[in-house]
Amino acid sequence: MGNKHSLGCCYYNVSPQPQRKVNDVSDRRVLEAHEPCRAESTTNLQHISEREPEDWQSDPSLHPKAETIFMERSRAAIHEGLERRRSQLQLHDRGTLKKSNSCSTIFVDESTVCQPNLKNTIKCVTLAIYYHIKNRQSERQMDIFDEKLHPLSKDSVSNDYCRYNPDHRQVYKFVRTLFNAAQLTAECAIITLIYLERLLTYAEIDITPGNWKRVVLGAILLASKVWDDQAVWNVDYCQILKDITVEDMNELERHFLEMLQFNINIPSSVYAKYYFDLRTLAEANEMNFPAEPLTKEKATKLEAMSRVCEDKLAAEILRANLKRSASMDNVNISRRSIAILS
């Protein structure tokens with residue numbers, strides 16, 4: 001995510017100048033004085049990903065150890081949900097009869113940090129946005145995100161639109177519609193939440209009932225362009241939201257980028273932190289990621305992946321001149337499983 005090469009954002013294109021003959025010592029001193037400055041101007045250019053703010057250690061969208069804002073604002077609900085789940089498990093363990101699985105079916109959780117489950121990830125992200133709105137600490141907002149000033153539809157906005165919090169189902173329906181129509185991925189949903197919290201930190205605003213739709217829309221716009229190789233154009237979102245203009249979408253994206261100070265870099269450790277925090281939020285709200293039966297095709301893929309890892313491990317051991325154990329013999333030989341699953 002972000003640029004991989006630490007190159008400067010600009011460079012100097014200096015055309016070759018005709019060299020004149022140095023006649024005296026003073027000319028030599030002048031030339032020697034200017035040489036270091038020219039070399040320093042081209043080597044001290046800093047990459048945009050390295051321009052971290054002074055308080056970046058307290059920013060959850062930049063530092064992997066800083067607590068995410070949605071976890072802070074949903075701490076009470078998470079504690080209550082985990083306690084309720086723990087008591088339910090204790091009551092379940094007291095039973096004398098237990099149902100056992102007598103067949104060879106194996107259920108696995110396919111949602112990983114690299115390939116999250118789309119539906120459940122969107123549910124978790126929208127739940128985090130819901131807690132942002134419900135437990136906001138102020139009513140600070142900007143005009144560009146105000147739905148009264150920039151409506152997303154031709155329907156008139158009521159005067160008390162900013163008084164009542166939307167429920168989780170309403171937030172989920174709005175985000176799910178955009179993701180289905182634009183065919184966005186689950187990773188894009190996590191990046192959307194990261195950009196949203198970065199906006200709250202940089203711009204010092206809160207998500208309110210009157211601006212949450214435009215704030216979320218701006219985060220989705222930016223996340224889809226950063227993550228996807230073939231990003232959805234702003235004009236395509238106008239086909240989803242029929243009553244919004246391209247000029248409004250462009251202005252929303254421009255202001256969002258300015259509020260982020262054009263910092264769209266996301267470290268992999270920060271992405272992983274948000275993923276696992278979302279899973280904790282899901283567990284506390286009984287929204288666990290579903291376990292699906294392990295099919296023969298999926299088992300074959302897992303076996304192939306494990307064989308590749310074994311081959312890499314064997315190669316590393318050989319390079320280190322370590323003695324292989326008996327279990328590592330013939331690890332590089334292609335072999336077939338007798339049976340995977342019935």
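What follows is a short chat about a predicted model.

Visitor: What should I know about the model and numbering?
Guide: This is a predicted model, where local features need pLDDT of at least 70, side-chain atom pairs count only at pLDDT 80 or more, and totals for chains, interfaces and linings use all residues. Residues are numbered from 1 along each chain as its sequence is written, and side-chain values use heavy atoms, with hydrogens and water left out.

Visitor: How many helices and strands does the protein have?
Guide: There are 11 helices and 2 strands. These are DSSP runs numbered from the N terminus: helices are H or I with at least four residues, strands are E with at least two. The order from the N terminus is α-α-α-β-α-α-α-α-α-α-α-β-α.

Visitor: What share of the residues is buried?
Guide: Of the 342 residues, 35% are buried. Buried means under 20% relative accessible area, exposed over 50%, and partly exposed in between (1.4 Å probe, protein chains only).

Visitor: What about the span of α7?
Guide: Helix α7 covers residues 212-227 and reaches 22 Å from first C-alpha to last, close to the 22 Å expected at 1.5 Å a residue. The expected span is 1.5 Å times one less than the number of residues.

Visitor: And R198, where does that lie?
Guide: R198 lies in helix α6, residues 186-203. R198 is buried yet has no salt bridge. A salt bridge needs a side-chain nitrogen of Lys or Arg within 4 Å of a carboxyl oxygen of Asp or Glu.

Visitor: Which side chain of opposite charge is nearest to R198?
Guide: D59, at 4.9 Å. For charge, Lys and Arg count as positive and Asp and Glu as negative; His and the chain ends are not counted.

Visitor: What else does R198 meet?
Guide: A polar atom of the R198 side chain lies 2.7 Å from the backbone oxygen of N263. Leaving aside neighbours within four places in sequence, R198 is in contact (heavy atoms within 4.5 Å) with S61, L62, L260, N263, I264, N265 and I266.

Visitor: Last one, α10. What is buried there?
Guide: The buried residues of α10 include V270, Y274, L278 and L281. Helix α10 (residues 268-284) reaches 25 Å, close to the expected 24 Å. Just after α10, E286 takes a positive phi of about 55°.

Technical notes
A polar contact is a pair of N or O atoms within 3.5 Å; within protein, one must be able to donate a hydrogen and the other to accept it, and residues adjacent in sequence count only if both atoms are side-chain atoms.
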